[in-house]
Amino acid sequence: MTAAVHWVDRAPGLEGLDAETRRELEAIRPVTIPTGHVLFRPGDEVTCFGVLIGGRVDVYLTGVTGREILLYSITPGESCVQSTLGLLGEDDYSAEAVAETDVEAVMIPKSLFLKLLGKSEEFRGFVFQAFAKRLQSVMQVLERVAFIRIEERLAAALLERADGDGLVRNTHQELATAIGSVREVVSRRLETLARKGLVTLERGNIRVADRAGLAALIL
């Protein structure tokens, strides 16, 4: 009979842990988080370090005007910079995390996280490598929002999300959040793209009509 694969073996980046660290992590049971569940909100205390085994979590930042921007998505092998900063610096969360799919994850309590960080070179390497990659992705978001035109960001988002038939299954608000804009601006830009024949705006749907044309907008 084949032995069940433990969650540690399914978590990218945790290969090569020392035996003692592995035993301590194996004692934690994975949890299932349903789609749409809010994992944390601004002001919440950081009490654990999450390791994703399956699914995707999106982390959003909301400004004082209510404008929302997608900071980053977390998939298996990636970390949440908000959690790492909170655990190391005693800061509360300043963003909101939402399960965009059903998620399987392991929540490592703060006390164990700090203990393993201090004594396990392999675990420490996992945490800081994932942290460094996440910081790079956050910097890319800031650069994109600050320096790249709305048309370019929108074209890239449409091409990224279009399925094989060109259908984009996102609302105007979701696209606005993804590119760091507002719904009204995205709606106007979509109408402009439609007049140019690059997209078609169907009832409740957006369809990419000219992939090459959209790609040409991205400098």
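Predicted model: local features only at pLDDT ≥ 70, side-chain atom pairs only at ≥ 80, totals over all residues.
Colleague: What percentage of the residues in the chain is buried?

Modeller: Buried means under 20% relative accessible area, exposed means over 50%, and partly exposed lies in between (1.4 Å probe, protein chains only). Of the 219 residues in the chain, the buried ones make up 39%.

Colleague: Which residues of helix α7 are buried?

Modeller: Helices are DSSP runs of H or I with at least four residues, strands are runs of E with at least two, and both are numbered from the N terminus. The chain has nine helices and 10 strands in this scheme. Helix α7 covers residues 172-179 and is followed by Gly180, whose phi is positive, near 75 degrees. The buried residues in α7 are Leu175, Ala176, Thr177, Ala178 and Ile179.

Colleague: How many salt bridges does the structure hold?

Modeller: Side chains of opposite charge can pair when their charged atoms come close. A salt bridge here is a side-chain nitrogen of Lys or Arg within 4 Å of a carboxyl oxygen of Asp or Glu. One of them joins Arg183 and Glu184 at 3.2 Å, N to O, and Glu20, Glu24, Lys115 and Lys119 are linked in a network. The number of salt bridges in the structure is 17.

Colleague: Which side chain meets Asp9 in a salt bridge?

Modeller: The N to O distance of this pair is 2.8 Å. Asp9 sits in helix α1 (residues 7-10) and its partner in helix α2 (residues 19-26), 13 residues apart, and the pair links distant parts of the chain. Asp9 is partly exposed at 48% relative accessible area. Its partner is Arg22.

Colleague: What separates Arg22 and Glu26 along helix α2?

Modeller: The side chains of Arg22 and Glu26 meet in a salt bridge of 2.7 Å, N to O. Both are partly exposed, Arg22 at 24% relative accessible area and Glu26 at 29%. Because they are four residues apart in helix α2, the separation is about one helical turn.

Colleague: Which residues form a negative surface patch?

Modeller: Patches are made of residues with over 30% relative accessible area and no salt bridge, with like charges joined within 9 Å and nonpolar side chains (Val, Leu, Ile, Met, Phe, Trp, Tyr) within 5 Å. Lys and Arg count as positive and Asp and Glu as negative, without His and the chain ends. Asp91, in the loop between α3 (81-89) and β6 (96-99), is partly exposed at 47% relative accessible area. The negative patch is formed by Asp44, Glu45, Asp91 and Asp92.

Note on methods: Residues numbered from 1 in each chain as written. Heavy atoms only, no water. Areas by Shrake-Rupley, 256 points an atom, 1.4 Å probe, with all protein chains shown as cover. Charge placed at Lys NZ, Arg CZ, Asp CG, Glu CD.
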